[in-house]
Amino acid sequence: MTGKTHLIGGIVACQAADIFILNNDGSFGFYAAGFIGALIPDICHTHSKIGRRLPVLSKIIGSVFGHRTFTHSLLFLLLTNLLFLYFFPEQEGIRVGFLTGMISHYVLDAMTVRGIRLFYPASLRFRIAKLRTGGKVEGVFLVCLTLFICWLYVRYQM
């Protein structure tokens with residue numbers, strides 16, 4: 001999926017988690033972390049939104065692991081969680097937002113033809129669907145996600 005789809009997907013995931021799990025207690029930090037978390041897995045790709053902003057780090061990670069491997073795995077999700085718990089134990093909302101954004105990224109990329117290596121280092125590819133990244137179907141999906149954000153807001157915030 002493209003960066004804009006990941007950003008909107010991260011917001012949808014955070015909004016849903018805020019409504020159904022956090023009882024509308026999600027802070028600005030929770031949403032901001034979800035926004036960033038939705039982009040972080042693509043740090044392994046130098047042409048991604050995050051990769052263009054951190055080109056040296058992106059090139060190193062991409063050359064060591066490749067695209068949609070380690071940074072798209074449960075192992076990376078677990079390590080990220082442990083790092084948050086160790087270095088920022090008092091930032092529960094930010095940790096949950098960041099992880100929610102990452103999970104939304106995984107789900108969206110698992111919907112593509114290439115899928116993700118969710119169980120890295122195992123070579124098994126995990127796929128939910130077979131959409132083409134940047135294709136017309138993704139465009140329709142992006143519009144649907146955007147409309148869903150609006151629906152959630154109207155339905156649960158008013």
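Start with helix α5, residues 74–87, in this predicted model. Its 14 residues, at 1.5 Å a residue, should span 20 Å. Which residues of α5 are buried? They are Phe-76, Leu-77, Thr-80, Asn-81 and Phe-84. Around the helix axis they cover an arc of only 135 degrees, which puts them on the same side of α5. An α-helix has 3.6 residues a turn, so residues three or four places apart point the same way. The buried residues of α5 pack against α6.

Phe-84 also has an aromatic partner. Its ring centre lies 6.0 Å from that of Phe-88, with the two planes at 55 degrees. Edge-to-face would need planes over 60 degrees apart and stacked would need under 30, so this pair is tilted. Phe-84 has a relative accessibility of 14%, so it counts as buried. Phe-88, at 44%, counts as partly exposed.

That pair belongs to a wider search. Over the whole structure, nine aromatic pairs are found. Consider Phe-65 and Tyr-120. Their ring centres are 6.1 Å apart and their planes stand at 80 degrees, so this pair is edge-to-face. Why does the pair tie together parts that are 55 residues apart in sequence? Phe-65 lies in helix α4 (residues 55–65), while Tyr-120 lies in the loop between α6 (92–110) and α7 (136–157). Phe-65 is partly exposed, with a relative accessible area of 29%. Ring pairs also link Phe-65 and Tyr-120 with Phe-70 and Phe-76 into a cluster. Phe-76 is one of the buried residues of α5.

The peptide bond joining Tyr-120 to Pro-121 is cis, with omega about 15 degrees. Pro-121 sits in the loop between α6 and α7. As a rule, most peptide bonds are trans.

Now return to α4. Its buried residues are Ser-58, Ile-61 and Gly-62. They cover an arc of only 100 degrees around the axis, which puts them on the same side of α4. The face turned away from that buried side carries the exposed residues Val-56, Lys-59, Ser-63 and Val-64. What covers the buried residues of α4? The cover includes α3.

Beyond α4 comes Gly-66, with a positive phi near 85 degrees. Gly-66 belongs to the loop between α4 and α5. Its relative accessible area is 23%, so Gly-66 is partly exposed. Setting aside neighbours within four places in sequence, Gly-66 is in contact with Cys-44 and Ile-61. Ile-61 is one of the buried residues of α4. The C-alpha atoms of Gly-66 and His-45 are 7.9 Å apart in space, although the two residues are 21 residues apart in sequence.

Most residues other than glycine have a negative phi. Is Arg-68 buried or exposed? Its relative accessibility is 5%, so Arg-68 counts as buried.

Next comes helix α1. Its 18 residues, at 1.5 Å a residue, should span 26 Å. The end C-alpha atoms are 25 Å apart, which agrees. Buried residues of α1 include Gly-3, His-6, Leu-7, Gly-10, Cys-14 and Ile-19. Which helices do the buried residues of α1 pack against? They pack against α2 (28–37), α3, α6 and α7.

The largest pocket has a volume of about 230 Å³. It is lined by 18 residues, and those closest to its centre are Met-1, Thr-2, Asp-42, His-45 and Ser-48. His-45 is the residue whose C-alpha atom lies 7.9 Å from that of Gly-66. Three helices, α1 (3–20), α3 (49–53) and α6, each supply at least two residues of the lining. Which of the helices gives the largest share? It is α3, with three residues.

Conventions
Residues numbered from 1 in each chain as written. Predicted model: local features only at pLDDT ≥ 70, side-chain atom pairs only at ≥ 80, totals over all residues. Heavy atoms only, no water. Phe/Tyr/Trp six-rings, centres within 6.5 Å; stacked < 30°, edge-to-face > 60°. Helix = DSSP H or I, 4+ residues; strand = E, 2+ residues; numbered from the N terminus. Buried < 20%, exposed > 50% of the residue type's maximum accessible area, 1.4 Å probe, protein only. Expected span 1.5 Å × (residues − 1). Arc of directions from axis to C-beta. Contact = heavy atoms within 4.5 Å. 1 Å grid on protein atoms, 1.4 Å probe; cavity = no way out; pocket = protein on both sides within 12 Å on 5 of 7 lines; lining within 4 Å. Points joined across faces, edges and corners; volume = space filled by probe spheres on them.
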